[in-house]
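Dear colleague,

Please find below the structure that I am handing over to you. My notes on it follow directly after.

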There are 2 protein chains.
Amino acid sequence: MSEFLQRKKTCPIQVGKVIVGGTAPISVQSMTNTKTNDVAGTVAQIVQLDSVGCDIVRLAIPDMSAALAIKEIKSKVQLPLIADIHFDYRLAIAAIENGIDALRINPGNIADATHVAMIVKEAKIRNIPIRIGVNAGSLEKNILEKHGGHPTPAGMVESALQHIAILEKMDFRDIKISLKANDVPMTIKAYQLMSETVDYPLHLGITEAGTIKSGIIKSAVGIGALLAQGIGDTIRVSLTGDPVEEVKAANEILKSLGLREYGPTLISCPTCGRCNINLAEIAEQVEQKLSNVRKPVKVAVMGCVVNGPGEAKEADIGIAGGKGQGLVFRKGEVIKTVPEDQLITALFTEIDKLIEEEN
Amino acid sequence: MSEFLQRKKTCPIQVGKVIVGGTAPISVQSMTNTKTNDVAGTVAQIVQLDSVGCDIVRLAIPDMSAALAIKEIKSKVQLPLIADIHFDYRLAIAAIENGIDALRINPGNIADATHVAMIVKEAKIRNIPIRIGVNAGSLEKNILEKHGGHPTPAGMVESALQHIAILEKMDFRDIKISLKANDVPMTIKAYQLMSETVDYPLHLGITEAGTIKSGIIKSAVGIGALLAQGIGDTIRVSLTGDPVEEVKAANEILKSLGLREYGPTLISCPTCGRCNINLAEIAEQVEQKLSNVRKPVKVAVMGCVVNGPGEAKEADIGIAGGKGQGLVFRKGEVIKTVPEDQLITALFTEIDKLIEEEN
């Protein structure tokens with residue numbers, strides 16, 4: 001972790017093989033968008049999410065057929081699974097019985113306290129944590145009334161504390177919490193308040209963030225701002241689209257803060273009037289070629305010799321373009337000068353060498 | 001501005017018609033990547049940047065022909081222009097004489113103090129602010145040595161303070177400051193330190209952020225984290241690629257924090273196993289159709305009736321899909337139930353109405 005970040009230490013919980021909170025690495029979550037009772041489709045998507053760096057997968061459990069499908073899905077995948085359940089305690093019990101690793105359910109939404117007790121009893125026996133997930137858009141009426149008729153950070157925290165109190169009364173503390181809103185400053189404020197109030201791990205996300213393009217920016221700002229303040233133990237980027245994109249974006253957010261090493265990091269300067277090579281095209285080519293590299297390699301693609309080697313000193317490998325020729329450098333040292341049309345080839349020769357050395 | 005954000009008040013400066021700092025809206029900057037002495041090409045790009053919501057444009061001034069081109073460029077564009085100059089005081093003087101609105105130049109990099117004095121004299125006469133731009137990759141040797149041989153936030157701030165001191169000694173305070181690094185936590189820390197130390201407006205950016213895809217996330221995290229802490233008066237997203245994408249990303253960052261209203265905001269839920277309509281496709285269609293709308297309209301596209309109206313209560317207009325049918329709502333109230341295949345048509349009828357009403 002970067003020396004410039006200080007992370008708040010929460011009480012760790014365990015979701016299958018993944019520890020969330022404490023000093024555990026910040027984990028990446030996503031949610032399948034298949035019908036959960038389509039076992040083959042759901043398994044295929046989970047495997048795909050695994051392959052792009054997802055740590056935990058959530059499944060919607062809208063009915064009993066979905067809850068029963070968990071058993072077969074679990075037997076075919078490696079990643080821990082969380083059941084997303086609304087209101088119906090029987091689905092929660094069935095999910096636990098079928099081997100789910102964690103639940104997302106709000107106990108305050110279950111009318112009958114004996115039903116909550118049944119869930120808690122089963123969850124305790126099998127060490128199944130529960131995520132309390134507060135959404136600004138579905139706050140309880142009494143809380144809305146108390147907080148001026150509309151969602152507020154304090155109202156969101158109060159809602160979470162009510163759900164927590166129900167579980168704590170039953171001596172259940174295997175909890176994590178999310179407080180999602182589509183308003184980013186409200187979300188940030190809510191998590192800040194929550195982080196000051198309890199030591200449970202926090203699951204970060206911006207809800208209804210939007211389509212891939214705008215949603216990624218909204219999530220990066222909201223989740224990134226909190227992580228930069230040391231808040232957050234597990235994250236989910238919510239996008240309207242392929243969950244694979246959610247995982248890729250989440251990894252980029254963590255990488256940008258030095259909180260995860262995964263695959264290549266490309267440093268490339270903005271193109272400007274000083275630039276004499278087709279930097280954008282080269283950078284895109286480099287990015288594409290690096291897309292199969294899983295090792296954390298830092299590669300710099302710089303437009304001009306002025307800023308090139310200096311600015312990218314921290315990179316493992318880099319190139320800097322010039323007038324018709326370019327420099328190849330490693331760890332800030334120039335190792336070669338080549339004609340411009342051989343620059344990419346020279347770069348990839350170096351990348352291949354580096355990967356070989358590290359194997 | 002969101003009630004959950006508190007912005008640090010800096011001493012405002014004026015870049016052409018745009019105020020930077022104080023209580024002025026946070027402005028969006030970009031940089032042309034044309035050859036500046038290609039007047040037609042540069043003007044065309046500035047006009048294009050203007051049309052997507054750019055407030056200030058920076059031009060590279062690597063030689064005298066670029067400095068001389070400023071005059072003609074200025075006469076053909078509306079946006080304030082900043083000259084990006086390294087080392088050569090003559091280019092700075094020429095840029096001022098040719099009508100530039102601000103300079104980006106580091107006085108400490110100009111060997112001869114009388115040359116700095118010449119720039120300052122001209123800048124004072126015409127109210128031309130100077131941006132001091134510190135890059136982690138090109139810190140002065142004495143500073144690097146003092147700070148352990150590598151760039152640190154404190155080292156970056158110290159470098160900026162040295163440049164500032166040169167200008168302040170000449171009684172020049174028409175200054176803004178940037179402290180860029182490609183390391184996001186280092187950048188955040190540097191700006192935090194700077195913000196505690198001086199009241200000059202701060203220009204935020206992450207340098208060498210990378211290609212459009214990864215660079216946008218890195219910039220959103222770094223710039224967003226600072227803005228969320230109330231730090232920053234003007235921003236530039238640096239991408240290796242079309243500067244139009246920089247401006248669009250910058251606007252999305254500001255919009256996500258409620259710091260700018262520009263065009264439509266689309267709220268759409270993540271697709272999940274509860275979703276019975278092709279949400280991703282609908283959201284993309286809505287986004288595309290809205291791309292010509294300049295008015296700030298909040299539109300919600302929700303997958304299911306459960307979370308739909310509740311979650312998107314704050315939206316101006318929204319749709320929520322269901323099993324074969326959907327709801328159309330305005331300001332949280334359901335106004336219509338339509339068959340699913342008429343949902344988008346119904347949505348756009350409402351959007352058109354809203355735009356008409358507001359005209």
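Two residues are said to be in contact when heavy atoms lie within 4.5 Å. Please bear in mind throughout that this is a predicted model.

I begin with one histidine. A:H163 belongs to helix α6 of chain A, which spans residues 153-169. Its relative accessibility is 2% and buried means under 20%, so A:H163 counts as buried. Leaving aside residues up to four places away in sequence, A:H163 touches A:N106, A:P107, A:G108 and A:N109, and also A:I132, A:V134 and A:E140.

I turn next to the interface of the two chains. Chain A and chain B each bring 71 residues to the contact. About 5900 Å² is buried between chain A and chain B, and carbon and sulfur atoms give 59% of that area.

On the side of chain A that touches chain B, at least two residues come from each of α7 (184-197), α8 (212-228), α9 (243-256), β11 (265-268), α10 (279-290), β12 (298-302) and α11 (308-311) of chain A. Of these, α8(A) gives the most, with ten residues. By type, the residues on this side of chain A comprise 32 nonpolar, 24 polar and 15 charged.

With kind regards

How values were computed: Residues are numbered from 1 along each chain as its sequence is written. Chains are lettered from A and ligands numbered from 1 in the order in which they are written. This is a predicted model: local features need pLDDT of at least 70, side-chain atom pairs count only at pLDDT 80 or more; totals for chains, interfaces and linings use all residues. Side-chain values use heavy atoms; hydrogens and water are left out. Helices (H or I, at least four residues) and strands (E, at least two) are DSSP runs, numbered from the N terminus. Buried means under 20% relative accessible area, exposed over 50%, partly exposed in between (1.4 Å probe, protein chains only). Buried area is the accessible area (1.4 Å probe) that two parts lose on being put together, summed over both. Ala, Val, Leu, Ile, Met, Phe, Trp, Tyr, Cys and Pro count as nonpolar, Asp, Glu, Lys and Arg as charged, and the others, Gly among them, as polar.
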